[in-house]
Amino acid sequence: SEIDLSTREKITGLGQIGNGGGRGLIQHSTLAVRPGGELLGVLDQHWFARIDVPDGETRTQKLERWQESDVWGDAVTRIGPSPEGCRYVHVMDREGDCFTTIAACDRVQTGFVIRAARDRNVEGRSDKLFSWARALPSAGDKTVEVRAAPPNRGSTGRCGKKWRAWAGLACWCRSASGAWGSASRAASACRTSSRSSRRSGGERE
């Protein structure tokens, strides 16, 4: 969420929001939700100012500084391990697809579901994650309800096809010596596709 403070000219330490013309803060919230969808409350909430990327910044310099994608791993670290009797599974969008997030989940021993943003190398294969996942056999279909809001208004259902397999995915990470390099991390890859009963066009992934 964006907190617009553009009219508060005396406040310092703000960053750009929206299309870059406004100034304010970004609010990152982690909600606790049961598997059935029941909302329990807020587990973590953090505010930060978006960083203006320096001109001519190299990849190495970018890796050395805090990045906006680090908010996911930071939240995992602040929340910590799962309490006795349950297991946390952190669900994140594509911005969370980075090594720092996965490493944070490993440190506190919690699960994660991350929408893939990077077409990573797959250990032992010549093809990459996206093409490999598309070629996996179907694990079944399921019909789910579609929220009655545009562009799905009037749709009666959506069929999702799922494929799943274990793979070693390449992650760009820092070694104990401080050097950056690629390492393999086992993960379960699942591809879903969907089609609305009244949606024109092809499948969505």
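**Strand pairing, salt bridges and cores in a predicted chain**

Val33 has Leu39 of strand E4 as its bridge partner. The model behind this is predicted, so to speak of a local feature takes a pLDDT of at least 70, side-chain atom pairs count only at pLDDT 80 or more, and totals for chains, interfaces and linings use all residues. Residues are numbered from 1 along each chain as its sequence is written, and side-chain values use heavy atoms, with hydrogens and water left out.

As for the overall layout, the chain has four helices and nine strands. Both are DSSP runs numbered from the N terminus, helices being H or I with at least four residues and strands being E with at least two. Going along the sequence, the order is β-β-β-β-α-α-β-α-β-α-β-β-β.

Back to the strands at the start of the chain. Two strands are called paired if DSSP finds at least two bridges between them. E3 (residues 22–33) pairs with E4 (residues 39–48) in the antiparallel sense, over eight bridges. The two form a hairpin with five residues between them, and Gly37 in the turn has a positive phi of about 105°. Strand E2 (residues 15–17) is also antiparallel to E3, with three bridges, and Ile17 has Gly22 of E3 as its bridge partner. In the hairpin of E2 and E3, four residues sit between the strands, and Gly18 takes a positive phi near 60°.

What about charged pairs? A search of the whole structure turns up six salt bridges, each defined as a side-chain nitrogen of Lys or Arg within 4 Å of a carboxyl oxygen of Asp or Glu. One of them joins Glu2 and Arg50, with the closest N and O atoms 3.8 Å apart. Glu2 lies in strand E1 and Arg50 in the loop between E4 and helix H1 (59–64), so this pair ties together parts that are 48 residues apart in sequence. Burial is read from relative accessible area: under 20% is buried, over 50% is exposed, and anything in between is partly exposed (1.4 Å probe, protein chains only). Glu2 is partly exposed at 45%, and Arg50 is partly exposed at 23%.

Another salt bridge brings together the side chains of Glu38 and Arg34, at 3.2 Å from N to O. Glu38 is partly exposed, with 46% relative accessibility, and Arg34 is partly exposed, with 46% as well. Then there is Arg78 with Asp44, where the closest N and O atoms are 2.9 Å apart. That pair links distant parts of the chain, with Arg78 in helix H2 (residues 70–79) and Asp44 in strand E4, 34 residues apart. Arg78 is partly exposed at 40% relative accessibility, whereas Asp44 is buried at 9%. Salt bridges that share partners also join Glu2, Arg50 and Glu68 into one network.

Now for the nonpolar side. In soluble globular proteins, nonpolar side chains tend to be buried together. A nonpolar core here is a set of buried Ala, Val, Leu, Ile, Met, Phe, Trp, Tyr and Cys residues joined through side-chain atoms within 4.5 Å. The largest such core has 12 residues in all: Ile17, Ile26, Phe48, Val71, Trp72, Val76, Met92, Ile102, Ala104, Cys105, Val108 and Ile114. H2 and helix H3 (99–108) are the elements that give two or more residues to this core, and H3 has the largest share, with four residues. Contact means heavy atoms within 4.5 Å; leaving aside residues up to four places away in sequence, Ile26 touches Ser1, Glu2, Ile17, His46, Trp47, Phe48 and Arg50.

On the chain as a whole, buried residues make up 31% of the 205 residues. Among contacts between residues at least 6 apart in sequence, 41% join residues at least 24 apart. The accessible surface comes to about 13700 Å², and 50% of it belongs to carbon and sulfur atoms; areas come from the Shrake-Rupley method with a 1.4 Å probe, and for residues only the protein chains shown count as cover.

Finally, the cysteines. With a disulfide taken as a pair of cysteine sulfur atoms within 2.5 Å, the count is zero. Cys86 is partly exposed at 42% relative accessibility, whereas Cys98 is buried at 10%.
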